Amino acid sequence: SLSVYGEESNELQGLVEQALLALGGQEFLIIDSPVQHDFKMTPAISLFVECKSKKEIETYYDLLKDDGKTLMKLGNYGFGELYAWIEDQFGVSWQLILS
């Protein structure tokens with residue numbers, strides 16, 4: 001679902017206010033606040049993706065690290081066959097695991 005700012009919002013009219021989407025059966029509520037904040041996104045919250053194959057995790061890893069930042073390189077850290085933690089080009093934190 002999608003809601004946009006109405007006429008009463010003047011310069012925001014027509015811009016996305018909230019969106020609800022589903023990825024792989026998981027729902028996400030996305031809110032675009034017009035309030036200017038002094039903080040940026042942090043890796044305190046991550047999207048966690050369980051991969052079904054080595055090829056899948058390697059593909060996601062390569063795509064997400066482009067123009068992003070690797071927080072933990074793809075490797076075996078003892079809690080899954082392969083794991084990686086990446087901040088993408090938009091500052092969104094992703095954790096990938098093959099278990």
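Of the 99 residues of the protein chain, 23% count as buried, where buried means under 20% relative accessible area, exposed over 50% and partly exposed in between (1.4 Å probe, protein chains only). The model is predicted: local features need pLDDT of at least 70, side-chain atom pairs count only at pLDDT 80 or more, and totals for chains, interfaces and linings use all residues. Residues are numbered from 1 along each chain as its sequence is written, and side-chain values use heavy atoms, with hydrogens and water left out.

**Fold and dimensions**
- The protein chain has one helix and seven strands, taken as DSSP runs (helices: H or I, at least four residues; strands: E, at least two) numbered from the N terminus.
- Their order along the sequence is β-β-β-β-α-β-β-β.
- The radius of gyration of the protein chain is 17 Å, well over the 13 Å that the globule rule gives for 99 residues, so the chain is more spread out than a compact globule; the radius is taken over C-alpha atoms, and the rule is 2.2 Å times the number of residues to the power 0.38.
- The C-alpha trace spans about 55 × 30 × 20 Å along its principal axes.

**Contacts**
- Among contacts (heavy atoms within 4.5 Å) with a separation of 6 or more, 30% are between residues 24 or more positions apart.

**Glu7**
- Glu7 lies in the loop between β1 (2-4) and β2 (16-23).
- Glu7 is exposed, with a relative accessible area of 62%.
- The C-alpha atoms of Glu7 and Pro43 are separated by 35 Å, and the two residues are 36 apart along the chain.
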